[in-house]
Amino acid sequence: MSPSRTSSPCKQSGPPRPANGERRVYLLAGLMQCGFCGRRMDAHWVNHRPGYRCRHGHTSAKPADLTRLGNLYVREDETLAYLSAQLARLGADLNQHSLVRQLREQRMTIICDGHDWILSTEVENLRVPSAKIPDQRRPDRLF
């Protein structure tokens with residue numbers, strides 16, 4: 001092959017970046033778990049902010065199953081604000097970054113089913129009091 005006809009470089013893998021090249025940060029990536037199917041929730045950018053979703057195993061490569069649950073969507077800022085407020089009621093004074101650090105250090109998972117958040121450790125679950133999640137984000141209310 002002549003030097004003028006080189007192949008293009010391979011695409012880099014990883015999360016997509018916006019056109020302006022800004023790096024997106026997902027504080028709860030790997031910590032969010034779907035309360036319906038048990039899968040880790042995918043971090044995704046929606047409406048200019050980080051969020052998490054579970055598609056319950058559905059991909060665009062497969063035809064839609066009409067009996068499956070709708071996607072579950074959770075905003076990161078709402079999750080952090082709610083957990084911080086509930087933990088503050090228990091006497092913990094944590095900002096968002098301290099809360100995330102504690103969750104990771106304690107090897108905790110946040111389980112969300114559209115109704116409640118549960119903080120789960122390898123040993124036990126701690127139910128966080130219910131919060132109202134809008135119906136349009138609740139997979140059990142989509143059909």
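This section describes a three-stranded sheet and two helices, α1 and α2, in a predicted model.

The sheet is open and has the strand order β2-β3-β4, with antiparallel pairing. From one strand to the next, the twist averages 35 degrees. Strand β3 comprises residues 49-54 and is joined to the antiparallel strand β4 by four bridges. Across this pairing, Arg 53 is positioned opposite Tyr 73 of β4. Helix α1 lies across both β3 and β4, and its direction makes an angle of about 65 degrees with β4.

Helix α2 spans residues 96-105, and its buried residues are Ser 98, Leu 99, Val 100 and Leu 103. The elements that cover these buried residues include α1 (residues 76-89), together with strands β5 (residues 109-112) and β6 (residues 117-120).

At the start of the helix, a side-chain oxygen of Asn 95 comes to within 3.0 Å of the backbone nitrogen of His 97. After the helix comes Arg 107, which has a positive phi, near 55 degrees.

Key
Residues numbered from 1 in each chain as written. Predicted model: local features only at pLDDT ≥ 70, side-chain atom pairs only at ≥ 80, totals over all residues. Heavy atoms only, no water. Buried < 20%, exposed > 50% of the residue type's maximum accessible area, 1.4 Å probe, protein only. Contact = heavy atoms within 4.5 Å. Polar contact = N/O pair within 3.5 Å; in protein donor to acceptor, adjacent residues only side chain to side chain. Pairing = 2+ DSSP bridges. Axes fitted to C-alpha atoms, helices over the stretch in contact; angles between N-to-C directions.
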